[in-house]
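Work through the exercises below with the structure open. Each task is followed by its solution.

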Amino acid sequence: MTTNVLTFNVRYHPRVLTLLLAALTTFLTLSALSPVPLGEAVRQLWTLDAPLTPTLAVIHFSFWPRLAMALLAGAGLGLAGVLMQQVLRNPLASPTTLGVASGANLGLMMATLFAPGLLDWGREWVALAGGAAAMGGVFLLAWRSELSPPVVVLAGLVMNLYAGALGMVLLLFHQEALKGLLIWGAGSLAQNGWNDLNFLWPRLLLGIFAALLLLRPLQLLTLDDASARSLGASLKVLRVGGLGVAVFITACVVSVVGIIGFIGLAAPNLARLAGARRLGERVVYAMLLGALLLASTDLALQQIPNMLPTLIPTGAATAALGAPLLLWLITRLSLTTPSASQGLPVHAAPHLGRRSGILMGLTLLSVLIALLLGQGANGWFWVDSGSVDVLQWRWPRLLAAASSGVLLALAGTLLQRVTSNPMASPEVLGVSGGSAIALIVAIYTVSSPSPVMLLGVGTLGALVTLGVLILFNYRSGFTPVRLLLTGVAITALFDAVRAYILAGGDPRGQQVLAWLSGSTYYATPTGAISIAMIAAIGIASTLLFCRWLAVLPLGDETSTAIGLPLRRARLSLLALVGLLTASATLVVGPLTFVGLLAPHLAKMLGFQHARAHLLSAALIGALIMTSADWLGRQWLFPQEIPAGLIASLIGGAYFMWRLARI
Amino acid sequence: MRTLEPRHFAVLLMGWVLTLVSPLGNAASPQWVTLDWTLAETLIALEAPLSGVAQIDAYHAWVGEPRIPETVVDLGLRTQPNLELLADLAPDAIFISPMFSNLTARLSRIAPVEPLPLYQTDSDTWQEMQELTRKLGERVDRERQAETLIAATKALFDRLKDRTPTTAPLLMVQFMDERHVRVFGKNGLYHAVLEQLGIANAWQAPTNAWGFSLAGIDALAAYPDAQLVVIEPLPIGVEAALANSGLWQHLPSVREGRVITLPPVWSFGALPSAQRFARTLVSALEAPHDD
């Protein structure tokens with residue numbers, strides 16, 4: 001019973017839901033076309049009437065292709081979502097799980113900046129190549145493990161993170177040159193001809209055909225590995241096939257319309273919720289629902305009159321609208337915890353004592369270098385009595401970097417042990433996202449916000465998010481899968497807000513970017529000391545929970561049998577995670593990923609037991625963040641690369657190396 | 001195509017010479033730094049001695065002129081200037097846009113920080129630009145140069161206004177990609193220049209605080225009579241894509257050849273950018289009549 005994570009307590013027939021959405025889409029289409037007689041409007045679908053008016057030209061070249069594009073893209077994402085969730089046995093999987101979208105995004109950015117000639121071939125080819133490269137990387141990393149789902153998911157996460165971090169660095173330094181790509185990144189369906197559609201439909205047809213061929217064998221993946229093998233299935237071939245088709249479809253869609261959030265996650269889950277059980281049914285209804293969801297959202301957006309100085313990209317809107325829908329869905333789904341064996345294979349390592357010694361030594365070394373070695377107007381120098389003034393700038397950043405590394409690593413370790421899900425991290429839980437949304441709103445509504453105000457608003461955002469998490473999960477007793485889904489919904493909302501803000505091209509976007517990218521730049525002496533104190537308290541208090549943390553990963557039944565108060569344990573741990581994350585987010589921003597990487601790294605190094613896991617993860621978090629902060633300040637001096645980005649790059653590289661050897 | 005007359009070259013040349021000769025040397029004179037490109041272009045036009053500006057390479061790519069002298073130090077990102085370097089330079093004052101006032105506490109440990117606003121909502125951009133120039137001139141002891149810059153700009157606009165041919169209302173766009181444009185309207189530099197030249201702006205839809213709206217190309221179809229003004233740079237591949245774009249080719253302005261293309265001008269600039277935009281715009285509008 002590893003896959004059947006979702007069972008349903010409410011049954012609708014999927015047909016009813018589909019018909020309802022179809023009716024809505026038709027109504028919106030008719031209302032959009034109301035300025036011209038319907039017959040005339042429909043005729044523009046295949047011809048352009050002779051006395052050419054601008055209205056008719058817009059209907060022919062923009063309205064119809066856009067509607068068709070929405071339907072096609074939605075169907076494609078729905079199909080890709082079902083395939084991903086089936087192969088990876090994870091209801092959180094979505095078409096972009098394997099890094100296709102971020103790979104395509106990075107490919108486009110690099111082409112724009114370094115090889116603009118490539119774009120003359122057409123943007124979609126560059127995007128396809130970028131997506132394919134990311135997917136290739138994921139397959140390479142997971143090859144030795146026969147593409148087993150947890151490894152693929154992790155590899156995909158890291159690929160996403162890696163490409164995302166690189167993209168963020170480029171964006172930070174070349175915001176002006178990349179402003180057009182930000183619109184693509186927010187997913188706009190605007191069309192001005194039939195060319196893109198002609199690119200997409202044959203490829204989508206090919207994808208659907210391949211998916212149909214794979215349908216029967218893919219059903220075997222509902223079983224666990226051993227049973228599937230005993231029925232004679234080659235897991236590797238099946239997985240390569242299933243994921244390959246899903247990735248191909250996603251890459252084609254993304255390359256044309258940009259990143260459309262949520263449809264690929266929601267449509268398959270909606271189809272299941274509405275009662276589609278068999279794989280064939282799920283494919284059909286996910287495609288239909290995906291198409292109709294995207295089309296109706298896009299049509300509704302076009303009806304918003306020209307009151308805003310900017311357009312609302314559809315991709316961002318689907319993500320924003322989808323988040324509440326997903327939250328509602330979560331209360332409807334009855335979810336069971338996947339069995340504990342879902343994690344990575346572990347190996348007991350000898351020499352733990354020596355390893356922790358080396359870790360401590362490295363951390364100390366990195367702190368010393370970061371304090372004493374740096375560049376100035378006249379090149380490299382070691383701090384001496386003449387230049388001791390420079391330390392006043394360095395120590396708060398270093399302290400903040402180390403402390404936030406510790407905090408996030410602790411939060412990540414807690415979360416991964418509580419949920420037994422390798423995808424769990426404070427960033428995924430949405431607490432950072434919630435606090436980031438609040439800060440973005442503050443930056444955009446107040447003309448010149450003070451740091452104190454930003455701090456207050458950020459904390460408030462984190463607390464509200466935590467409240468939402470608790471509210472939506474209290475009744476279910478904080479089931480891990482449900483908790484993570486709630487976090488995914490909040491994070492999706494955050495991504496939507498961010499994409500919308502950046503696509504608008506407002507110069508204040510720079511400020512948002514700078515903060516989002518996880519920089520210690522804004523650390524003040526008092527802030528650094530407070531966060532260091534919080535980190536110390538954090539270490540002490542997490543250690544109090546060691547017994548719970550040792551038991552929880554064994555699964556619900558075992559934990560209850562031993563006498564663990566499940567609900568109370570999860571609530572207290574969750575609250576602790578929330579507080580740790582919020583404090584770290586306020587200092588270094590939401591996108592550091594130390595919380596994801598450090599616990600995994602600690603485990604890979606062999607630190608298995610709760611206490612050792614916590615302490616070593618904290619140490620690794622501090623090590624990554626301090627070295628990242630120093631590197632980030634020196635690499636492109638005088639430009640500074642935020643520590644969070646460098647941390648993602650260093651940690652990610654090491655993580656990939658270890659992952660490939662599993 | 002726009003034409004450049006000899007006197008344009010003369011004006012440009014004079015500007016260059018002035019900026020190159022004036023601020024160098026003389027270490028005893030006060031040194032200023034700024035994180036903001038709009039303030040940087042104004043300070044250079046005022047011949048104020050600058051020791052540091054943020055993101056100089058990007059300034060040259062996007063603002064272009066006036067050039068920043070070679071001796072000026074690059075301070076790093078506009079949002080996160082390098083504090084150690086800034087402290088090392090020990091400037092007399094740091095000029096910032098209020099947008100970055102969250103840096104004030106940090107920066108004021110190094111030198112007094114002066115936020116100077118431009119492009120505030122609900123205020124007249126043209127007046128704001130002059131006030132900004134005056135305020136900056138006072139602050140860096142260049143009152144005379146500030147008045148000269150303002151007077152020169154006004155004189156230039158008077159001359160250009162006489163030359164401006166009658167034209168349909170302008171629709172000023174900058175391509176983000178082949179499907180999206182920024183359309184410039186109220187509250188922005190380009191609009192302020194149009195007002196001074198007495199040219200109508202076709203785009204009356206709401207704009208953001210920096211005077212532009214982001215729109216799909218289909219939004220342009222609502223202005224069939226407008227004169228289209230495309231402001232460079234065109235993102236790579238867009239020209240080819242537009243040639244194949246049914247919608248773009250069927251826009252009345254495009255079909256009837258009412259499209260002019262202007263070289264890039266910093267759309268969030270101050271008086272120097274306004275001068276450049278006005279000159280290139282009027283030359284481009286005149287060009288079809290020269291044929």
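**Exercise 1. A helix and its surroundings**

How many residues has α26(A), and how far does α26(A) reach from its first C-alpha to its last?

Solution. Note at the outset that this is a predicted model. Step one: count α26(A), which has 25 residues. Step two: take the span from first to last C-alpha, which is 36 Å. Step three: compare with 1.5 Å a residue, where 36 Å is expected, close to the span found. Step four: check burial. Of the 25 residues of α26(A), 21 are buried, so the helix is largely enclosed by the rest of the structure.

**Exercise 2. The domains of chain A**

Locate the domains of chain A and describe the side of domain 1 that touches domain 2.

Solution. The domain assignment gives domain 1 of chain A as 6-98 + 182-336, and domain 2 as 365-376 + 388-660. Their C-alpha centres lie 33 Å apart. The contact takes 21 residues from domain 1 of chain A and 20 residues from domain 2 of chain A.

α7 (179-185) and α13 (314-332) of chain A each supply at least two residues. The largest share, ten residues, comes from α13(A). By class, this side has 15 nonpolar, six polar and no charged residues.

**Exercise 3. Chain A against chain B**

Which element gives the most to the side of chain A that touches chain B?

Solution. Begin with the count: 51 residues come from chain A and 51 residues from chain B. List the elements of chain A that give two or more residues to its side: α3 (54-88), α7, β3 (373-376), α18 (451-473) and α20 (509-516). Of the elements, α3(A) gives the most, with five residues. Classify the chain A side: 25 nonpolar, 19 polar and seven charged residues.

**Exercise 4. The largest core**

Which residues have the most contacts inside the largest nonpolar core?

Solution. The core has 310 residues, and A:L493 and B:L171 have the most contacts inside it. α3(A) gives the most to this core, with 21 residues. Then list the neighbours of A:L493. Leaving aside residues up to four places away in sequence, A:L493 touches A:A319, A:A320, A:A323 and A:I437.

**Exercise 5. The domains of chain B**

Describe the contact between the domains of chain B.

Solution. Chain B is divided into domain 1 (6-116) and domain 2 (167-290). Domain 1 of chain B supplies eleven residues to the contact, and domain 2 of chain B supplies ten residues. On the domain 1 side, the largest share is five residues, from helix α2 (residues 37-45) of chain B. That side divides into five nonpolar, four polar and two charged residues.

How values were computed
Residues numbered from 1 in each chain as written. Chains lettered and ligands numbered in written order. Predicted model: local features only at pLDDT ≥ 70, side-chain atom pairs only at ≥ 80, totals over all residues. Domains from an automatic or database assignment. Contact = placed C-beta atoms within 7 Å. Helix = DSSP H or I, 4+ residues; strand = E, 2+ residues; numbered from the N terminus. Nonpolar A, V, L, I, M, F, W, Y, C, P; charged D, E, K, R; others polar. Core = buried A, V, L, I, M, F, W, Y, C linked by C-beta atoms within 7 Å. Buried ≥ 20, exposed ≤ 12 C-beta atoms within 10 Å, placed from the backbone. Expected span 1.5 Å × (residues − 1).
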